[in-house]
Each structure stands twice: as C-alpha cells, then as structure tokens.
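Subject: A structure for you to look at

Hi,

Here is the structure I promised to pass on. Have a look below, and then read on for what turned up.

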Amino acid sequence: MQKETRLNVNVFWILRIYVLLARFITGIKSSAVKKALVANYDDAVRPGLFEGLPVEVSVQLHVESFGNIHEADMEFEVYSYLKQIWTDKRLAGRINRSITLKGSDINRVWTPDAYCYNARLTNLMLPDTETHSKVSISPEGVLEYSRGVSFKASCVMDLRSFPHDSQTCHLKFGSYAYDDSDVIFKWQSSDVHVSRDNMAQFKFLGAKFSADLDSYTGVNFTTITVSYTFQRRLGYYVLQVYIPDILIVLLSWIAFWMNPDSPGDRLTIGITTILTIMFLSGAVNASMPPVSYAKAVDWYLIISFAFIFLSVIESLVAYVMSSRPVNKDCSFD
C-alpha cells in the first residue's frame, strides 16, 4: 500500500515537472517568434512612409448594445468592439503562420491612433494593458487590431416632436496625429452589426455609414462616421402623461354639474386640477434640457391647462350671473 502511494506521488511530480518544462519551452519559443517578428522593426514609423504612400485602415464597428440616451445631457452610450485592419509589408514573410499579440506586446508594432471626435468619455485611448485588445498578424503582413470600446458621446437632439420624435446620433472617428497623406480611414463594409438593440424607451431603426475629409488649420484629415437612428416608444408617456392628463381635464368638468351658488366648491376643483396639471408638466420636463422652444408635449399640456382655466372662468361667470338680482316689477301703461 505504501509502495503504491509513493508511486502515485512520484508520477504526480513527474507530470508536474513535465508541464512546467513544456510551458517554459513554449514561452521561449513564443518569445523567440516575437523577437524574430519585430527584428529591425521601428514601431514609431508608419507603414509605407518611405514609399510615400498613405496606409489605408479599414474599420469595422460591432455594437454589442446601446446604453441610455440622456436627453438632458444630449448624449448616448454605446458598448462595442472596434476592429482596424491594415497592411504592413515590413512584417510580411517573417512568420509562416498567424500570430496574436496581447497586452503590452501590441506596442511592438505600429498601430493607428484612432479616436472619436464627439466622445465625452471613452476607453479608446487607454493603454492596451488596461483594456481587452489584441492584434492578429498574418504571414502576408495583414494586421487586425481589435479592442472592446465603450463610448459616451454627444448627440444633438431636436425635441420639437417629443415624445413622438426620432433621434439620430453618430460616432465620428479619425486620426489625431496623421493627416490624409499618412493615414486614410475607411469603412470595411456597409453592414450594420448590432448584437442587442433592445432599449427601454427607444427602438433602433438602423445605421448609416459615411466618409468625409475634414480640414483643421489648413491640414486635411480623413474621417468616418456612423449614424444610428432611434424612434421613441410611446408606451411610457401614454401611461404616465396622456391618460392622467385626460382624466384631470375630465375631473375639472365636474364643476359644470355643480350648483352655481356654490362657487367655493367649484373653484376648489378648478384650482386643484390646475395645480395638478402644472405638477404633471414639471414632472415631464424634469428630465428634459431647458430648450428655448416648445415641445409637442408642452403644447398638449398647455391646451389641457387652457381647458381647465376656462372651466374656472365659467364657474366665476355662472356665479356672477346667478347672484345678480332679477327685476320682477312690470308696469303697463
């Protein structure tokens, strides 16, 4: 029994040593491959610099999901994967199979400095050691740089038709350091990739891709833009605004069936419904930006307020007319 136990222990340690040696040898080989890949390679020089040709970077954006759309701050959130593809002939023929670099190893090769023009908060510019990213290099020198990216970007909204509105928000990408003579950004395809488009208040309608040439201080930069269109769902506002508002207006009309000689009761109903409609208007606009124009829901609430106000005026007129003395004296010549 003791011999079997000792034999099992010996086998365990032999297997453990074998695994450690295998990992050590694999690490040495991997390190050797990486060194051979970037031997005499300058990662600060872009591809095609000495040939005088710009490097073309094909971009693909896969949206995992959309976050909240904040009307008050005029911004929206996107969680996505950004893939950039380009060719570096300096790396062609150095390896006989594809290799993947992760973390700090990505700094061994040149990568584009893409950034989002209208992003207020993003992890796109974080080091590769602080986010999920990788670079795949093919034997032909084709590089695919992929990383998980989140955006909180500005979105200029027109709320005149709120809550029956549709909003278009965009993400604009370009290079910060390289102009159009060095780097050209373009979309890889016009296909829309969205994994989950379910949103609480909006319905995703589609996306549109475009490319442009922007000029800053006399220098041209290539930019690419993706625009997402969302349509607002009405269910929340029907339950929280329209139905309560209709009931409040109908409640104010109860005064029409009350005795004109009871102005206190009629005015109490009118003033109470006026205060309620004002509170409802404030609750609706609490999450809206202080725009200088009236929204569709504002006009709806203003008309409702006018109906209630006129019912109060009617109560006062009815009381004045009913309290006026009637002259019953008649004279006949």
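First, a word on terms: helices and strands here are DSSP runs, a helix having at least four residues and a strand at least two, both numbered from the N terminus. Please keep in mind that this is a predicted model.

**The chain as a whole**

The protein chain has 333 residues, of which 36% are buried. Its secondary structure amounts to 4 helices and 12 strands. If we take the contacts between residues at least 6 apart in sequence, 75% of them link residues at least 24 apart.

**The annotated spans**

An unreviewed UniProt entry gives the feature "transmembrane region" at residues 234-255, 267-287 and 299-321. How much of residues 299-321 is helix in the model? The span is 100% helix and 0% strand, and its end C-alpha atoms lie 32 Å apart. Residues 267-287 come out at 90% helix and 0% strand, again with 32 Å between the end C-alpha atoms.

Tyrosine 242 sits in helix H2, residues 235-252, while tyrosine 300 belongs to helix H4, residues 296-323. Tyrosine 300 touches Tyr242, along with Asp245 and Ile246, once residues up to four places away in sequence are set aside. Leaving out neighbours within four places, tyrosine 242 is in contact with Tyr300, Tyr237, Pro163 and His164.

Is each of them buried or exposed? With a cut-off of under 20% relative accessible area for buried, tyrosine 242 is buried because its value is 15%. Tyrosine 300 has a relative accessible area of 24%, so it is partly exposed.

The C-alpha distances tell you how these parts of the chain come together. Tyrosine 242 and leucine 301 are 59 residues apart in sequence, and their C-alpha atoms are 9.1 Å apart. Tyrosine 300 and valine 241 are also 59 residues apart in sequence, with 10.0 Å from C-alpha to C-alpha.

**Backbone points to check**

Most residues other than glycine have a negative phi, and most peptide bonds are trans.

- The peptide bond from phenylalanine 162 to proline 163 is cis, with omega near 5°. Proline 163 lies in the loop between strand S7 (142-154) and strand S8 (166-175), and Pro163 is one of the contacts of tyrosine 242.
- Methionine 74, which is not a glycine, has a positive phi of about 55°. Its loop runs between S1 and strand S2 (75-87). Methionine 74 counts as buried because its relative accessible area is 19%.
- Threonine 217 also has a positive phi, near 50°, without being a glycine. Threonine 217 is in the loop between strand S11 (202-216) and strand S12 (219-232). Its relative accessibility is 80%, so threonine 217 counts as exposed.

Lysine 186 is in strand S9, residues 183-187. Lysine 186 counts as partly exposed because its relative accessibility is 36%. Between lysine 186 and threonine 222 there are 8.3 Å in space, C-alpha to C-alpha, and the two are 36 residues apart in sequence.

Leucine 126 is in the loop between strand S5 (119-122) and strand S6 (133-137). At 35% relative accessibility, leucine 126 is partly exposed. The C-alpha atoms of leucine 126 and valine 149 are separated by 9.7 Å, with the two residues 23 apart along the chain.

Technical notes: Residues are numbered from 1 along each chain as its sequence is written. This is a predicted model: local features need pLDDT of at least 70, side-chain atom pairs count only at pLDDT 80 or more; totals for chains, interfaces and linings use all residues. Side-chain values use heavy atoms; hydrogens and water are left out. UniProt positions are given in the numbering used here, feature names are shortened, and annotations may be inferred rather than shown by experiment. Buried means under 20% relative accessible area, exposed over 50%, partly exposed in between (1.4 Å probe, protein chains only). Contact means heavy atoms within 4.5 Å.
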